[in-house]
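Here are some friendly notes to read with the model open beside you.

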Amino acid sequence: NRLLTQMCDYFNDYKVVLFSDQNVTMMSCHPCQMESFQQTDVLIGIHGAGLSNMLYMKPNSAVIELAPYGNDGRCLLGGGPFSRLAAVMGHNYMIHHPPPEEYIWNTVDRSSEFNITRFIIHINSFLKSIEISK
């Protein structure tokens, strides 16, 4: 996973952990999920239900949503469910929309490609602005 590898390389002062619905052990232990997210300072995820785990994070944590479809009202700042949930929970929130010309969706293997470097720079700038810097 290029994104995970590059995030680990760039944010080497952070403990980068992949949370996946493919992890059967974690998915079958709701208290384990809650504990894991209570210890999370920065949550980065693609638009989807997994971002709702911010419910268990401490106030002033950072939530970063990757939303590759900019024309979807659920992915607009202040209009989407995760930006509103972040506001209610007292989290710092950022949304990243890759430019359409940089985003490629492969329907065969259900994978996507986008400019990871631009995404990491955007994340770093956001974290610095809220004083959670590397």
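1. Just after helix 4, Gly 90 has a positive phi of about 80°. Helices (H or I, at least four residues) and strands (E, at least two) are DSSP runs, numbered from the N terminus. Before going on, please note that this is a predicted model, in which local features need pLDDT of at least 70 and side-chain atom pairs count only at pLDDT 80 or more, while totals for chains, interfaces and linings use all residues. Residues are numbered from 1 along each chain as its sequence is written, and side-chain values use heavy atoms, with hydrogens and water left out.

2. Now look at helix 4 itself. Which of its residues are buried? Helix 4 covers residues 81-89, and Phe 82, Ser 83 and Ala 86 are buried there. Buried means under 20% relative accessible area, exposed means over 50%, and partly exposed lies in between (1.4 Å probe, protein chains only). Viewed down the axis of helix 4, the buried residues fall within an arc of 105°, so they line one face of the helix. That arc is taken from the directions from the helix axis to the C-beta atoms.

3. Both sides of helix 4 deserve a look. Strand 2 (62-66) and strand 3 (92-96) are among what covers the buried residues of helix 4; contact here means heavy atoms within 4.5 Å. On the face turned away from the buried side, helix 4 carries the exposed residues Ala 87 and Val 88.

4. Ala 49 and Phe 82 are 33 residues apart in sequence, with 9.1 Å from C-alpha to C-alpha. Ala 49 is in the loop between strand 1 and strand 2 and, at 63% relative accessibility, counts as exposed. Asp 9 and Val 88 are 79 residues apart along the chain, and their C-alpha atoms are separated by 32 Å. Asp 9 belongs to helix 1 and is exposed, with a relative accessible area of 54%.

5. Phi of Asn 60 is near 70°, a positive value in a residue other than glycine. Asn 60 counts as exposed, at 57% relative accessibility.

6. Next, the largest pocket. It has a volume of about 1,800 Å³. Of the 44 residues that line the largest pocket, Val 17, Leu 18, Phe 19, Ile 44 and Gly 45 are the closest to its centre. On a 1 Å grid over the protein atoms alone, a pocket is an open set of points where a 1.4 Å probe fits, with protein on both sides within 12 Å along at least five of seven lines, whereas a cavity is a set that the probe cannot get out of; lining residues have an atom within 4 Å of a point. Grid points are joined across faces, edges and corners, and the volume is the space filled by probe spheres set on the points.

7. What builds the lining? Helix 1 (2-10), helix 2 (24-27), helix 3 (30-38), strand 1 (42-46), strand 5 (111-113) and helix 5 (116-129) each supply at least two residues of the lining of the largest pocket. Strand 1 gives the most, with five residues. The lining residues divide into 24 nonpolar, 14 polar and six charged. Ala, Val, Leu, Ile, Met, Phe, Trp, Tyr, Cys and Pro count as nonpolar, Asp, Glu, Lys and Arg as charged, and the others, Gly among them, as polar.

8. Leu 18 is found in the loop between helix 1 and helix 2 and counts as exposed, at 56% relative accessibility. The C-alpha atoms of Leu 18 and Ile 104, 86 residues apart along the chain, are separated by 22 Å.

9. Arg 2, in helix 1, is partly exposed at 46% relative accessibility. Leaving aside neighbours within four places in sequence, Arg 2 is in contact with Glu 113, Phe 114 and Ile 116. Between Arg 2 and Ile 116, 114 residues apart along the chain, the C-alpha separation is 8.3 Å.

10. Finally, the cysteines. A disulfide (a pair of cysteine sulfur atoms within 2.5 Å) joins Cys 29 to Cys 32, with S to S at 2.0 Å, and the count comes to one disulfide. The torsion about the S-S bond of Cys 29 and Cys 32 is about 65°, so the disulfide is right-handed. Cys 29 is buried, with a relative accessible area of 19%, and Cys 32 is partly exposed, at 36%.
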